[in-house]
Structures are given as C-alpha cells and as structure tokens.
Amino acid sequence: VQLQASGGGLVQAGGSLRLSCAASGRTLYAMGWFRQAPGKEREFVARISRNGGTTYYADSVKGRFTISRDNAKNTLYLQMNSPKPEDTGVYYCAADVNTWPSRQSVDYDYWGQGTQVTVSS
C-alpha cells in the first residue's frame with residue numbers, strides 16, 4: 001500500500017482546508033489521520049472504517065474536522081473547518097489492516113509522507 005498526502009498549506013484561523021490522501025495497492029483498510037507538531041509526539045486526529053460508515057475523532061477536533069473516504073477513487077479526505085493555530089503540524093495519513101478502532105500510531109501499518117498545515121492567528 002502506498003499513500004500520498006496532499007493539500008496542506010497556510011490557512012488563517014477560522015478558515016478551511018481539505019487534505020487528501022491518495023492510496024494505491026490494496027486499499028480497503030481502515031484509515032486514519034495523525035499530526036505532529038514541532039517538539040511533540042505524533043497524535044491521533046481521526047479514523048474511518050473500511051466502508052466509511054464509522055468515524056472517530058480526537059476531542060480536540062470533534063465538530064470542526066470531518067474525515068471521509070471515496071473508495072471508488074481510493075482517496076481519503078480530512079476537511080478542516082475553523083482551524084486553530086494549535087492545529088498546526090505535519091499531517092499524516094495511515095492505513096490499519098486491523099478493524100479494532102485503534103488511536104495509537106504504532107497500530108497503523110502503512111504511512112504517507114505527510115503534508116504541512118500551518119494555521120495563522
């Protein structure tokens with residue numbers, strides 16, 4: 001499985017941004033987004049089940065971010081609405097071959113290269 005994240009950039013607080021993650025190879029896995037700020041550990045942002053029917057969010061983004069997927073296009077999305085400066089970081093997409101809804105990065109098997117998101121105040 002190869003994952004390619006894109007869509008990052010500079011956005012003003014309160015604006016919006018959509019990240020994409022193109023997948024190739026065997027792609028019907030649960031997927032997630034993680035982020036890592038400078039000097040901090042990688043943290044869970046959101047997760048979506050294989051068919052897109054179930055989603056999970058970190059409390060810090062719930063109600064602002066939306067994870068979705070288009071299996072016909074082999075693409076994962078993260079819609080970021082009303083971002084805050086504390087949302088700044090490198091965002092990674094990842095695939096988990098297991099169905100247990102883990103929020104731990106060590107449980108994910110495949111990773112994209114990351115895309116930088118910077119939220120200005």
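Mentor: What follows takes the labels in turn, for a model that is predicted.

Trainee: What makes up the secondary structure of the protein chain?

Mentor: The protein chain has 0 helices and 11 strands. Read from the N terminus, the order of elements is β-β-β-β-β-β-β-β-β-β-β.

Trainee: How do you know whether the radius of gyration of the protein chain agrees with that of a compact globule?

Mentor: For 121 residues the globule rule gives a value near 14 Å, and the protein chain has 13 Å, so the two agree. The C-alpha trace spans about 40 × 25 × 25 Å along its principal axes. Of the 121 residues, 41% count as buried. Among contacts with a separation of 6 or more, 57% are between residues 24 or more positions apart.

Trainee: Why are Cys21 and Cys93 called a disulfide?

Mentor: The cut-off is a pair of cysteine sulfur atoms within 2.5 Å. The S to S distance of Cys21 and Cys93 is 2.1 Å, so the pair meets it. By this rule the count comes to 1 disulfide.

Trainee: Which parts of the chain does the pair link?

Mentor: The pair links distant parts: Cys21 is in strand E3 (residues 16–24) and Cys93 is in strand E9, 72 residues apart.

Trainee: What makes the disulfide right-handed?

Mentor: The torsion about the S-S bond of Cys21 and Cys93 is about 65 degrees, so the disulfide is called right-handed.

Trainee: How do you know whether Cys21 and Cys93 are buried or exposed?

Mentor: Buried means under 20% relative accessible area. Cys21 has 0%, so Cys21 is buried. Cys93 also has 0%, and therefore Cys93 is buried.

Trainee: Why is the phi of Asn74 worth a remark?

Mentor: Most residues other than glycine have a negative phi. Asn74 is not a glycine, yet its phi is positive, about 55 degrees. Asn74 lies in the loop between strand E7 (65–70) and strand E8 (75–81).

Trainee: Where is Ser82, and what is its phi?

Mentor: Ser82 is in the loop between E8 and strand E9 (89–96). Ser82 is a residue other than glycine with a positive phi, near 50 degrees.

Trainee: Why are Asn74 and Ser82 called partly exposed?

Mentor: Partly exposed lies between the buried limit, under 20%, and the exposed limit, over 50%. Asn74 has a relative accessible area of 32%, so Asn74 falls in between. Ser82 has 39%, so Ser82 is partly exposed as well.

Definitions and conventions: Residues are numbered from 1 along each chain as its sequence is written. This is a predicted model: local features need pLDDT of at least 70, side-chain atom pairs count only at pLDDT 80 or more; totals for chains, interfaces and linings use all residues. Side-chain values use heavy atoms; hydrogens and water are left out. Helices (H or I, at least four residues) and strands (E, at least two) are DSSP runs, numbered from the N terminus. The radius of gyration is taken over C-alpha atoms; the globule rule is 2.2 Å times the number of residues to the power 0.38. Buried means under 20% relative accessible area, exposed over 50%, partly exposed in between (1.4 Å probe, protein chains only). Contact means heavy atoms within 4.5 Å.
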